[in-house]
Amino acid sequence: MAGERLLRILSLLTAESNAEPGTARLCDVCAEVSAMSGAGIMLMSDDVPMGSVCSTNEVSNLIEELQYELGEGPCVDAHKEGRPVLEPDLADPATPRWMAFSPPALAAGTRAVFGFPLQVGAVRLGAMNLYRDRPGKLSDDQHADALVMADVAAQAVLAMQANAPIDTVATELEAGANFHLVEHQASGMVAAQLDISVGEALVRLRAHAFSHDLGLNEVAQAVVARKLRFNPS
């Protein structure tokens, strides 16, 4: 059965009539295979989000952006925990979570979210996010399809990155991606200022943005422009 699922997914990805460049088709097939309203793929380095590789529509893009800005959500948890993170009813969860992420995601029309880790062996790459505009659990078939799709997506990301120079992102992955370069540059600067890890520096940037009712990008630009400096307390 797993082999049949894989063949079906590969046939969709390589169908000439539906061919699209770069990662766009990859995200489209993620949503199509699992019969979801939309999908996105987020890359992460250790526990630090790099940004979104692709998303299928405005709502999926918002979901990806919220998770990057806030540092919480299904993709973040799926990557950290190395297992699927499933929320069939974001408006009425069995266990409340994602206090910052859930309200704007709901306001955008998201009712159910499902995160699946992207990993090959011990290598963790990020997570695939699926969302639906109505509540409800995944069926057994949808869950099985999503697991195979996440594996295919992970293999595709590795294949695209394989020939890229060290410390650079492959051109195929950059097409249509949002890797938040300003935020990463600012995180590096804050890490140097405070002698902390880049991951902790990103947390400090998020906290500053939240406490001052600013966007993360706005705070990052101020740091890069040297208009804002973080000093050791």
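User: Let's start with A146; what does A146 touch, leaving out residues up to four places away in sequence?

Analyst: A146 touches F116, M128 and L130, once residues up to four places away in sequence are set aside. Please keep in mind that this is a predicted model.

User: Where does A146 lie, and is A146 buried or exposed?

Analyst: A146 lies in helix α6, and with a relative accessibility of 2% A146 counts as buried.

User: And how far apart are A146 and R5?

Analyst: In sequence A146 and R5 are 141 residues apart, while in space their C-alpha atoms are 9.7 Å apart.

User: What about D145, where does that one lie and what does D145 touch?

Analyst: D145 also belongs to helix α6, which runs over residues 140-161, and D145 is in contact with R5, R8, I9 and V33, again not counting residues up to four places away in sequence.

User: D145 is charged, so is D145 buried or exposed?

Analyst: D145 is buried, with a relative accessible area of 6%, and the cut-off for that label is under 20%.

User: Stepping back, how many helices and strands does the protein chain have, and how much of the protein chain is buried?

Analyst: The protein chain has ten helices and five strands, and 45% of its 233 residues count as buried.

User: New topic: how do α8 and α9 cross?

Analyst: The axes of α8, residues 181-194, and α9 come within 8 Å and cross at roughly 105 degrees, which means that α8 is roughly perpendicular to α9.

User: Which residues make that contact, and how do they divide by class?

Analyst: On the α8 side the contact is made by E183, A186, S187, V190, A191 and L194, and on the α9 side by V198, A201, L202, R204 and L205. By class, the residues of this contact divide into eight nonpolar, one polar and two charged.

User: What residues line the second largest pocket, and which elements give two or more of them?

Analyst: The lining of the second largest pocket consists of E69, L70, E72, A100, V203, R206, A207, A209, F210, L214 and L216. The elements that give two or more residues to this lining are α3, residues 58-70, and α9, residues 198-211, and α9 gives the most, with five residues.

User: How much space lies in the second largest pocket, and what is the lining like by class?

Analyst: About 220 Å³ of space lies in the second largest pocket, and its lining has eight nonpolar and three charged residues, with no polar ones.

User: Let's switch to α4; is that helix mostly covered or mostly open?

Analyst: Helix α4, residues 74-81, is mostly covered, with six of its eight residues buried, and these are P74, C75, V76, D77, A78 and H79.

User: What covers the buried residues of α4?

Analyst: The elements that cover the buried residues of α4 include the helix α3 and the strands β1, β3 (85-87), β4 (112-120) and β5 (123-132). Just after α4, G82 takes a positive phi of about 65 degrees.

User: Which residues have a positive phi although they are not glycines?

Analyst: Among them are A35, with a positive phi of about 55 degrees, and R226, with a positive phi of about 60 degrees. A35 is found in the loop between α2 (24-34) and β1 (38-45), whereas R226 lies in the segment after α10 (216-224).

User: Is R226 buried or exposed?

Analyst: R226 is exposed, with a relative accessible area of 69%, the cut-off for exposed being over 50%.

User: Last one, D46: where is its place, and what does D46 touch?

Analyst: D46 has its place in the loop between β1 and β2 (48-55), where D46 is exposed, at a relative accessible area of 62%. Not counting residues up to four places away in sequence, D46 touches H79 and R124, and H79 is one of the buried residues of α4. The C-alpha atoms of D46 and V123 are separated by 9.7 Å, although D46 and V123 are 77 residues apart along the chain.

Methods. Residues are numbered from 1 along each chain as its sequence is written. This is a predicted model: local features need pLDDT of at least 70, side-chain atom pairs count only at pLDDT 80 or more; totals for chains, interfaces and linings use all residues. Side-chain values use heavy atoms; hydrogens and water are left out. On a 1 Å grid over the protein atoms alone, a cavity is a set of points where a 1.4 Å probe fits but cannot get out, and a pocket is an open set with protein on both sides within 12 Å along at least five of seven lines; lining residues have an atom within 4 Å of a point. Grid points are joined across faces, edges and corners, and a volume is the space filled by probe spheres set on the points. Helices (H or I, at least four residues) and strands (E, at least two) are DSSP runs, numbered from the N terminus. Ala, Val, Leu, Ile, Met, Phe, Trp, Tyr, Cys and Pro count as nonpolar, Asp, Glu, Lys and Arg as charged, and the others, Gly among them, as polar. Axes are lines fitted to C-alpha atoms, for helices over the stretch in contact, and angles run from 0 to 180 degrees between N-to-C directions. Angles under 35 degrees count as roughly parallel, over 145 as roughly antiparallel, 65 to 115 as roughly perpendicular and the rest as oblique. Contact means heavy atoms within 4.5 Å. Buried means under 20% relative accessible area, exposed over 50%, partly exposed in between (1.4 Å probe, protein chains only).
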